[in-house]
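Please read them beside the coordinates.

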Amino acid sequence: MRITVLTGPLLPVPAVRGGAMQKSWHGLAREMVHAGHDVTIVARTFPGQEKAETLEGVRFLRTRGFSQSRSVVWDLAKDLAYAANAVPRLPSAEILVTNDFWLPALAARFRRGAGAVVVCAGRYPKGQYWLYRSAARIVAISGPVRAAIMAERPELGARTVVIPLPVDLELFSRARPEKSEGRRLLYAGRVHPEKGLELLIGAFARLGDRFPEWQLDVVGPWTEAEGGGGEVYGQRLRALAQGRRIEFRGPVFAPEALASIYRGADLFCYPSLADRGEAFGVAALESMASGVAPVVSDLTCFRDFVRDSENGWIFDHRGPEAEERLAAALAAAMADTPLRDRVGAAAREDSERFGFTAVAEKYLAEFENVLAEVRGPARG
C-alpha cells in the first residue's frame, strides 16, 4: 500500500520540537514500513532537516511551515498557504492521511491522485467539517472527539471511527531508576492557562508542610511560539511558586531525555481545564507507559484510558473547590507508596494496547476498508 502522511505547518517531523501528532505519525510510519508498505511523510521544513530524505525506510518531503501566533485567523491564512504549497508536492498514493486544516478539501479537489483522504481528527471540531464531506474516512483520536464531530455533522457518522494516539512503549517502559531520597511530582506539557497549572501549584502548596520530601517539576514550553501562555503567564506561575519546592525546567524535546524524566517521577499530574480543547492527553498515557500513575482532571477524553483508583486518579476540576479536591487526590497517592506502585503497575499494563504496533494495525485495517469501498464490490 502506498501511504502519504501530511502533518500540519507548526512542528517538524521527526519531532525535534515536540508535538503529539508529529511523534505519533513518525512512529506509525516506521511500523507501516516494517509491515511492508510504502510511506511518505510531508511536513514543514526545519533547520537541520533535509527537504527530501529517507530515514528508517520512511521517505520525507518538506515544505515551508510557520510558527503559531496569537491570531487564529492569521494562522489559518498561513495554513492555507502551507496546504496550497504542499498539494502539488504530494506523491501518487492510495491513502492520504492528514491532520491539516485545509489540506483535505484542497487535495480532494486538486490532487485526487494523492489517494483517498483520511482526516486524522486530533482536535474538537470548530465548524470546519463541512470542508471534509469528500473525505473517505475521519479518524477521531478519542470517543469525545468523534461524538463532537457527529453532533456537528451527523452525516459523517458512518465514516467516522476512533483510533487512539499511540505511545512509544519501548522508549517509556525501560527500567526506572532506583530512588534514593526525595519524591517527585511531574507535570509535562505546554505551560498554558488551559492546562490547570495554577490549580496544580495551589494544590501542591497546600501539601508542602505535610510532604516536605516532595518536589513538583514542571516540564514544557511556555513561549507563545511553542504553544505556551507567554512571558506574563510564566511570571505569574513563578510568583505563585515562590518559596515552594517547585522547579520550572522548561521544554524538553529530546525523546530519550523526556522519557528519562518520566521514569524518574513518582507521580504524574495533568490537571487540564480544557473541556473543549483536550482531545486525548497523550502526556498522561506516556506517564502510564513509564509505570508512573497519573492524576488527571475529569475530562471525558481521559476516561478512554484512565480508570479512577485503578490505573490512576481522576479529580473533579470544576467549581471553587477544585484545588481542594486535587490536593486530596494528590495526598492519597503521595502518602501511600505501595498503593502508588500498584496503581502505576496497572497503568503500565493498560498502556500496552496503545503501542505503535497495535495502533498501526488499526490504521492499516481501516485503510483496507477504505480501499475496498473505493474499489466497490468485486465483480463475479
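1. The model is predicted: local features need pLDDT of at least 70, side-chain atom pairs count only at pLDDT 80 or more, and totals for chains, interfaces and linings use all residues. Residues are numbered from 1 along each chain as its sequence is written, and side-chain values use heavy atoms, with hydrogens and water left out.

2. Eight strands form an open sheet with mixed pairing, in the order S3-S4-S2-S1-S5-S6-S7-S8. Strand S3 (52-55) and strand S8 (160-162) are the edge strands, each pairing on one side only. The twist averages 25 degrees from one strand to the next. Strands are DSSP runs of E, at least two residues, and helices are runs of H or I, at least four, numbered from the N terminus; two strands pair if DSSP finds at least two bridges between them.

3. Strands S1 (residues 2-6) and S2 (residues 38-44) run parallel and are joined by five bridges. Leu6 has Val42 in S2 as its bridge partner.

4. Helix H1 lies across S1, S2, S4, S5 and S6, at about 160 degrees to S2. Helix H12 (residues 356-375) lies across S1, S5, S6, S7 and S8, at about 160 degrees to S7. Axes are lines fitted to C-alpha atoms, for helices over the stretch in contact (heavy atoms within 4.5 Å), and angles run from 0 to 180 degrees between N-to-C directions.

5. The second largest pocket is lined by 19 residues; Lys23, Asp168, Leu171, Pro255 and Phe356 lie nearest its centre. H1 gives the most to this lining, with six residues. A pocket is an open set of points on a 1 Å grid over the protein atoms alone where a 1.4 Å probe fits, with protein on both sides within 12 Å along at least five of seven lines; lining residues have an atom within 4 Å of a point.
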